[in-house]
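Morning, everyone. Let me put the model up and walk you through it.

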Amino acid sequence: MTPSDSIADPIRRVGVVGPGLMGLGLAQAIAGAGIEVALCGRDPAVARERLASALRRQVARGRLSAAEEAAIVAKVSVARVTEEGLSGCGLVVESVSEDRATKTAVLAAIERAASTAIIATNTSGLSIAGLGEALQDPSRFLGLHFFSPAERMPLVEIVRGPSTALATQTAALVFVRGVGKRPIVVRDGPGFFATGVFAAYLDEAVAMVAEGVAPAAIDEAAIADGRAIGPLAVLDETGVALNLAQARQARADGLAAGFCRPLAAPVFALLVEAGRSGRRAGGGFFDWPPQGPRTPWPGLAAAFPAAAQQPDRETIRLRLFAAEAREALRRLEQGIVGNADDADAASILGLGYPKQTGGVLRAAEEFGLDAFVKLCEGLAAAYGERFAPSPWLRELALRGEGLRAYREAAP
């Protein structure tokens with residue numbers, strides 16, 4: 001690809017296609033950094049009202065000042081995905097539903113309308129290579145995985161596909177830093193870095209539910225370990241139905257069984273079939289009363305009777321820790337994430353990992369890689385090969401140097 005002016009020059013106007021929750025957050029974050037935004041939806045008037053409503057709610061809650069609201073509104077225009085609507089855009093970000101067919105149709109329309117712009121997808125895990133097949137020129141295509149809520153969360157995964165040009169990646173890095181976010185560059189692969197690692201953590205919690213471990217005890221162990229919210233409550237907040245849809249999409253895409261969330265998908269399906277698709281739909285793993293604390297949904301106990309021997313808090317904590325850290329190490333080994341410092345930043349800024357630990361891989365180093373290997377060996381024997389240490393990890397543990405060679409400051 002010969003870099004166009006829109007790629008070589010600073011990006012002054014950005015198209016955001018899809019005025020849903022993520023798209024509105026993207027528009028706010030970009031406009032808040034002083035960059036013009038063309039917010040595109042089927043009905044521009046509806047897109048404008050959705051943004052106005054979202055900003056009014058934030059002002060009412062004290063998250064945004066009236067002056068900030070006015071500055072954002074002044075930078076956002078509404079448009080359609082046409083050559084005229086996206087005129088002047090150096091970057092267009094697709095942010096429609098996490099459905100492959102929908103995304104590919106929208107991406108192809110963007111390419112026809114914006115012939116020189118960088119094109120990005122705000123997917124949390126769909127293959128960039130696969131989505132890029134919808135484009136005539138995938139060299140100007142990549143993933144920009146913002147985290148929700150996009151206006152507040154500081155992390156962005158820049159996902160390079162097999163055809164992504166270096167100029168495209170470089171311009172994306174400059175853009176992400178320019179809107180005040182912390183970028184990490186990751187390689188294409190199921191779940192990239194952050195989504196795949198977090199899924200391992202969430203799914204281990206769900207596996208314990210299926211084994212009859214008390215749901216409240218699982219979340220309490222995570223909170224005691226420094227998490228702001230437990231994994232089952234996270235699933236309720238993000239949506240059980242959404243997580244089930246992601247698992248089914250992975251299966252439809254023909255991914256290996258391990259990427260299809262086999263531990264959790266049957267439990268998600270049971271909840272969704274029972275009308276328990278998440279907090280916004282009335283409840284999921286927990287009942288969420290308007291007042292008072294959440295309580296586990298009684299149907300869980302009927303579906304998964306309580307185990308006679310309940311694990312103590314430390315046992316639960318170590319299992320959750322090992323699941324998340326093992327997956328993070330696996331993705332470092334595979335080169336999905338370039339270095340351990342980016343992995344740690346992603347875990348803190350995107351996944352809510354306790355900041356005082358320094359991040360998921362720093363926590364594994366502090367635990368001691370030799371001790372971590374032994375922990376994983378025991379868990380693999382009890383619960384399955386997902387915990388098993390690889391030869392690479394065993395070799396690292398034997399060296400006794402932690403992850404020094406994978407840190408940015410390493411010689």
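Here is a question to start: are α8 and α10 roughly parallel or roughly perpendicular to each other? First, the ground rules. This is a predicted model, where local features need pLDDT of at least 70, side-chain atom pairs count only at pLDDT 80 or more, and totals for chains, interfaces and linings use all residues. Residues are numbered from 1 along each chain as its sequence is written, and side-chain values use heavy atoms, with hydrogens and water left out.

Back to the two helices. Helices (H or I, at least four residues) and strands (E, at least two) are DSSP runs, numbered from the N terminus. Helix α8 covers residues 194-210 and helix α10 covers 231-238. They pack at an angle of about 110 degrees, with axes 9 Å apart. Axes here are lines fitted to C-alpha atoms, for helices over the stretch in contact, and angles run from 0 to 180 degrees between N-to-C directions. Under 35 degrees counts as roughly parallel, over 145 as roughly antiparallel, 65 to 115 as roughly perpendicular, and the rest as oblique. So α8 and α10 are roughly perpendicular. Who meets whom? From α8, the residues include Phe-198, Tyr-201 and Leu-202; from α10, they include Leu-232 and Leu-235. Contact means heavy atoms within 4.5 Å.

Next, the cores. A nonpolar core is a set of buried Ala, Val, Leu, Ile, Met, Phe, Trp, Tyr and Cys residues joined through side-chain atoms within 4.5 Å. Buried is under 20% relative accessible area, exposed over 50%, partly exposed in between (1.4 Å probe, protein chains only). The largest core has 91 residues. Phe-193, Leu-232, Phe-285, Leu-361 and Phe-372 touch the most other members. Helix α14, residues 313-333, gives the most to this core, with 10 residues. A second, separate core of 36 residues includes Val-14, Ala-27, Ile-72 and Ala-120.

Leu-361 sits in helix α16, residues 360-367, and is buried there, as are Val-360, Ala-363, Ala-364 and Glu-365. Their cover includes α14, α15 and α17. Gly-368 follows α16, with a positive phi near 100 degrees.

Now the sheet. It is open, has 8 strands, and runs β3-β2-β1-β4-β5-β6-β7-β8 with mixed pairing. Strands pair if DSSP finds at least two bridges between them. The edges are β3 and β8, each pairing on one side only. Neighbouring strands are turned by 25 degrees against each other on average, direction ignored.

Look at β5, residues 118-121. Ile-118 and Ala-120 point one way, Ile-119 and Thr-121 the other, and all are buried. β4 and β5 are parallel, over 4 bridges. β5 and β6 are parallel too, joined by 3 bridges. Thr-121 is the bridge partner of Glu-94, and Thr-121 also stands opposite Gly-143 in β6.

Is Leu-173 buried or exposed? Buried, because its relative accessibility is 15%. Setting aside residues up to four places away in sequence, Leu-173 touches Ile-158, Pro-183 and Val-185. That's my tour.
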